[in-house]
Amino acid sequence: MALAQNPVLYLTRKMWKYSEGNRKKVALYFCLFTFANLINLLEPLVMAAFFNVVQQQGITSASMPTLLAYLVLFFLLTPGFWLFHGPSRVMERHNAFLVRAHYKKYLLDGVLAYPPEWHTDHHSGDTISRIEKGTHALYSYTEDTFQVIESTVRLVVSFAVLAYFNIWAGGIVAVMIAITFILIMQFDKGLVLQY
């Protein structure tokens with residue numbers, strides 16, 4: 001039933017559980033992904049500042065150092081993003097491998113603990129297939145948690161910026177976000193049961 005409530009939280013708890021011995025690195029790469037995405041979100045701000053200088057001062061010898069500084073900063077954002085994102089992806093993929101190994105061991109130990117009668121009543125190919133599907137699903141999620149973090153950071157920062165400039169628009173967006181989450185959870189309940 002927990003999976004039907006919220007699949008992302010369910011998988012995140014499973015990932016955390018089977019990341020035993022590697023949890024400090026999990027927390028580290030979550031932080032690194034967050035920093036990388038915050039750097040990535042600076043691109044529109046830097047370009048807006050650049051065009052603001054062009055509109056207010058024009059392209060003159062007096063504004064040229066400021067414009068060049070913004071351009072250099074803009075081009076440094078991509079290496080800055082990868083400075084955090086690259087190592088965190090390596091740690092994330094390593095953790096996904098460990099989670100898959102730990103989870104598969106847990107499932108196999110559980111199956112091997114059943115009495116011989118259980119094994120004669122259940123086809124081994126079906127059992128192996130279910131174990132593979134379960135471990136692959138957890139591995140795929142653990143390998144791509146950066147997408148969840150990216151979406152979360154973008155949502156929170158975008159909402160904060162919008163609320164900063166117009167609190168009423170922020171309120172409307174907050175209501176729309178809540179409705180969207182409720183709808184997604186309702187769809188997930190039906191989809192998870194079908195899966």
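Q: Before we start, what do buried, partly exposed and exposed mean here?
A: Buried means under 20% relative accessible area, exposed means over 50%, and partly exposed lies in between. Please note that this is a predicted model.

Q: Good. Why does F187 count as exposed?
A: F187 has 60% relative accessibility, and the cut-off for exposed is over 50%, so F187 counts as exposed.

Q: Where is F187 placed?
A: F187 is in helix 9, which covers residues 167–194.

Q: And which residues make the nonpolar surface patch?
A: The patch is made by I172, V175, M176, I179, L183, F187 and L191. Its area is about 690 Å².

Q: Changing topic: how many salt bridges does a search of the whole structure find?
A: The search finds six salt bridges. In general terms, side chains of opposite charge can pair when their charged atoms come close.

Q: What does R89 form a salt bridge with?
A: R89 pairs with E92, and their closest N and O atoms are 2.4 Å apart. Both residues belong to helix 5, residues 64–112, where they sit three residues apart, about one turn of the helix.

Q: Are those two, R89 and E92, buried or exposed?
A: R89 is buried, and E92 is buried as well.

Q: What about R130: which residue is its salt-bridge partner?
A: The partner is D126, with the closest N and O atoms 3.2 Å apart. R130 and D126 lie in helix 7, residues 124–143, and are four residues apart, about one turn of the helix.

Q: How exposed are R130 and D126?
A: R130 has 60% relative accessibility and therefore counts as exposed. D126 is partly exposed, because its relative accessible area is 40%.

Q: Which residue does E150 bridge to?
A: E150 forms a salt bridge with R154, the closest N and O atoms being 3.2 Å apart. The two are separated by about one helical turn because they are four residues apart in helix 8, residues 145–165.

Q: Why are E150 and R154 counted as partly exposed?
A: E150 has a relative accessibility of 24%, so it counts as partly exposed. R154 is at 36%, so R154 counts as partly exposed too.

Q: Back to helix 7: is T135 buried or exposed?
A: T135, which lies in helix 7, is buried because its relative accessible area is 0%.

Q: What is T135 in contact with, leaving aside neighbours within four places in sequence?
A: With those neighbours set aside, T135 is in contact with R100, Y103, K104 and L107.

How values were computed
Residues are numbered from 1 along each chain as its sequence is written. This is a predicted model: local features need pLDDT of at least 70, side-chain atom pairs count only at pLDDT 80 or more; totals for chains, interfaces and linings use all residues. Side-chain values use heavy atoms; hydrogens and water are left out. A salt bridge is a side-chain nitrogen of Lys or Arg within 4 Å of a carboxyl oxygen of Asp or Glu. Buried means under 20% relative accessible area, exposed over 50%, partly exposed in between (1.4 Å probe, protein chains only). Contact means heavy atoms within 4.5 Å. Patches are made of residues with over 30% relative accessible area and no salt bridge: like charges are joined within 9 Å, nonpolar side chains (Val, Leu, Ile, Met, Phe, Trp, Tyr) within 5 Å. Accessible areas come from the Shrake-Rupley method with a 1.4 Å probe; for residues, only the protein chains shown count as cover.
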